[in-house]
Amino acid sequence: MLTDPNVQEILMDITDDEKRSFPIIECILKGKTNDLEIAEETEIKLNTVRKVLYKLYDAGIATYKKSNDPETHKFIYSWKFDQEKVNDIINEKYDKFSEEIDKSIEYEEENMFFACNSNHRYKFEEATENNFTCPDCGDSLEFQDNSAIITELLRKKDERVPSKRSTGK
């Protein structure tokens, strides 16, 4: 699971600490649930372990149960990593990305563009209002074929589809 680039990206966004968050999560996935055990296993300071775990908790990716140690009478926090929530976040991110790409494709397909040598780009309506002269630099505006842009947007959308399916949803 942690080798999936989408999962890595999500966890990095949440924890801002890739170097320490992955070993902590790996520990939980391997069955170490106590924050003290995790700190000992990973050789990461307990405060740092807790900081990462609470960031995951705030994101809804980790949950914990608090219990009392019968010997020391101190609280013990047992943590659980919610893989399903990670899948949900990935799917939400994919859906948002897909929606943005679809809007961009629609925009490109529904408009005709004109550009100057400085790459200022205008829709047909704006170009005609300015007599096909760039209002920024004064160069003439020429028709710009945007089929390569549309093809690239479609490629980006297609390359994200397998990531969504790989989460098991």
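Which residue forms a salt bridge with Glu 99, and how far apart are the closest N and O atoms? I began my notebook with that pair. Lys 103 is the partner of Glu 99, and the closest N and O atoms are 3.6 Å apart. I took a salt bridge to be a side-chain nitrogen of Lys or Arg within 4 Å of a carboxyl oxygen of Asp or Glu.

Before going on I noted the ground rules. The model is predicted, so local features need pLDDT of at least 70 and side-chain atom pairs count only at pLDDT 80 or more, while totals for chains, interfaces and linings use all residues. Residues are numbered from 1 along each chain as its sequence is written, and side-chain values use heavy atoms, with hydrogens and water left out.

**Entry: salt bridges**

I looked up where the pair sits. Both Lys 103 and Glu 99 lie in helix 5, four residues apart, about one turn of the helix. Helices here are DSSP runs of H or I with at least four residues, strands are runs of E with at least two, and both are numbered from the N terminus. An α-helix has 3.6 residues a turn, so residues three or four places apart point the same way.

Lys 103 is exposed at 55%, and Glu 99 is partly exposed at 47%.

I then searched the whole structure and found eight salt bridges. One of them joins Lys 93 to Glu 9, with the closest N and O atoms 2.2 Å apart. This pair links distant parts of the chain, since Lys 93 is in helix 5 and Glu 9 is in helix 1, 84 residues apart. Lys 93 is partly exposed at 26%, and Glu 9 is partly exposed at 33%.

Lys 93 also meets Asp 13 in a salt bridge, at 3.8 Å from N to O. Asp 13 is in helix 1 and Lys 93 in helix 5, 80 residues apart. Asp 13 is exposed, with a relative accessible area of 52%. Through shared partners, salt bridges join Glu 9, Asp 13 and Lys 93 into one network.

**Entry: helix 1**

Which residues of helix 1 are buried? I listed Asn 6, Val 7, Ile 10, Leu 11 and Thr 15. Seen down the helix axis, these residues fall within an arc of 145°, so they line one face of helix 1. The arc is that of the directions from the helix axis to the C-beta atoms. Pro 5 and Asp 13 are exposed on the other side of helix 1. Asp 16 follows helix 1 and has a positive phi, near 55°.

**Entry: nonpolar cores**

I counted as a nonpolar core a set of buried Ala, Val, Leu, Ile, Met, Phe, Trp, Tyr and Cys residues joined through side-chain atoms within 4.5 Å. The largest has 23 residues, and Leu 11 and Ile 61 have the most contacts inside it. Helix 1 (5-15), helix 2 (18-29), helix 3 (35-42), helix 4 (46-58), strand 2 and helix 5 (83-110) each supply at least two residues of this core. Helix 2 gives the most, with five residues. Another core lies apart from it and has six residues, among them Phe 114, Cys 116, Tyr 122 and Leu 141.

**Entry: the hairpin**

I turned to the strands. Strand 1 and strand 2 (residues 75-81) pair in the antiparallel sense over seven bridges; pairing requires that DSSP finds at least two bridges between them. The bridge partner of Thr 63 in strand 2 is Lys 80, and that of Lys 66 is Tyr 77. The two strands form a hairpin with six residues between them, and His 73 in the turn has a positive phi of about 60°.

**Entry: Tyr 64**

Last I checked Tyr 64, which is found in strand 1 (residues 62-68). Tyr 64 is partly exposed, at 30%. With Tyr 54 and Tyr 57, Tyr 64 makes a nonpolar surface patch of about 260 Å². Patches are made of residues with over 30% relative accessible area and no salt bridge, with like charges joined within 9 Å and nonpolar side chains (Val, Leu, Ile, Met, Phe, Trp, Tyr) within 5 Å. Accessible areas come from the Shrake-Rupley method with a 1.4 Å probe, and for residues only the protein chains shown count as cover.

Definitions and conventions
Buried means under 20% relative accessible area, exposed over 50%, partly exposed in between (1.4 Å probe, protein chains only).
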